[in-house]
Amino acid sequence: MEIRWNDTPRKTWDTALRHAAWPQGWAYGAALAAQGRPVHRAAIVEDGETVGYAQFTGRRFLGRLHVSTCNRGPVWPGAVPDAVRRQAYRALRETIPLPWPRGVFITPDADDAEGEALRGARFRQVMSPYSTAILDLTAPDDTLLRAMQGKWRNRLRRAEAAAIKITVTAARPGGYDGLLAEEAAQQRTRRYRTMPPAMVPAWQARGSAKDGVVVATAMQGGQRLGSMLFLVHGAGALYHFGHASAAGRAVNAHNLLLWRAVRALRRKGVEALDLGGLDTVENPGIARFKLGSGARVRTLCGTWC
């Protein structure tokens, strides 16, 4: 087996990882690299054939410890035997071009069964599994509607009957600065953290022509009821955040926003929408909203080192 570091052309990467999770996209790494973060991309080659790809992004701690993480990867475009994956995990950790001392962390985009391959490569689990909600946008409207929970679907119908105007548009950098500012304020108020606001325009500036930011907005009588912001990458999209006013919550604007966004994203060629993590302890209402939409739960196998 051979690990080829940092010599895969972008076009090859984008094509092979079209269905990969957002953190494995080329633009994601390029945005972090522009901020001074080390980024390394690996092609995993077995018997002369590239069987997998892995993007690692890093940071330095205490001035000397180099830590690099492969988030939602490696990506295996085809079926790869367990023995080959075990060998790949070992080779990635051993050959990553980082100086010592260093730590290498992998959070595979795979379920608990992948833990066996990681244990076989002498990795140990250091963070518990993560669950996210995925909507399959290849399904027709009637299938998606049937998959919704009854209460969720009823709220959608009531919102459709209200005088709510929904717009779903592709947004250029600068066109959503106000939403990013709102999200930053909401994070301070509710005491949670996600990616820095500057990451979104930095990522968009380095994305491909078909990728970008999509904003869905609900208006009623000249008043904004709520908004949602999505990141489109290859055949996938990520729900980044959403806001709703008290008036918007009263008329179930978010149900209608998500439904209209789903249909618009599908027209753009998006096949799967990742609604993001599920936290039934700290944010049970948000988790219920995501699951009520008909999304399926996908539980990953955690972080390994």
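Predicted model: local features only at pLDDT ≥ 70, side-chain atom pairs only at ≥ 80, totals over all residues.
Let's start with the whole chain. The secondary structure comes to eleven helices and 14 strands. With 305 residues, the globule rule gives a radius of gyration of 19 Å, and the protein comes out at 20 Å, close to that, so it is as compact as a globular protein of that length. If you boxed up the C-alpha atoms along the principal axes, you'd need roughly 60 × 40 × 35 Å.

Now zoom in on two helices. Two packed helices are described by the angle between their axes and the distance between the axes. For helix H6 (residues 150–161) and helix H10 (residues 253–267), the angle is about 90° and the axes are 8 Å apart. That makes H6 roughly perpendicular to H10, since angles of 65 to 115 degrees count that way. On the H6 side, the contact is made by Trp152, Arg155, Leu156, Ala159 and Glu160, while H10 brings Asn255, Leu256, Leu258 and Trp259.

Next, have a look at the strands. Thr217 is found in strand E9 (residues 212–220). Its relative accessibility is 16%, and because the cut-off for buried is under 20%, Thr217 counts as buried. Leaving aside neighbours within four places in sequence, Thr217 is in contact with Lys165, Ile166 and Thr167, then with Arg224, Gly226 and Ser227, and also with Leu257.

Strand E10 (residues 223–233) holds our other residue, Leu225. At 1% relative accessibility, Leu225 also falls under the 20% cut-off, so it counts as buried. Who does Leu225 touch, not counting residues up to four places away in sequence? The list includes Ile164, then Ala218, Met219 and Gln220, which belong to the sequence range of strand E9 (residues 212–220). Leu225 also touches His243, Ala244, Ser245, Ala247, Gly248, Val251 and Ala253. As for Ala246, its C-alpha atom is separated from that of Leu225 by 7.9 Å, with the two residues 21 apart along the chain.

Technical notes: Residues numbered from 1 in each chain as written. Heavy atoms only, no water. Axes fitted to C-alpha atoms, helices over the stretch in contact; angles between N-to-C directions. Helix = DSSP H or I, 4+ residues; strand = E, 2+ residues; numbered from the N terminus. Parallel < 35°, antiparallel > 145°, perpendicular 65-115°, else oblique. Contact = heavy atoms within 4.5 Å. Rg over C-alpha atoms; globule rule 2.2 N^0.38 Å. Buried < 20%, exposed > 50% of the residue type's maximum accessible area, 1.4 Å probe, protein only.
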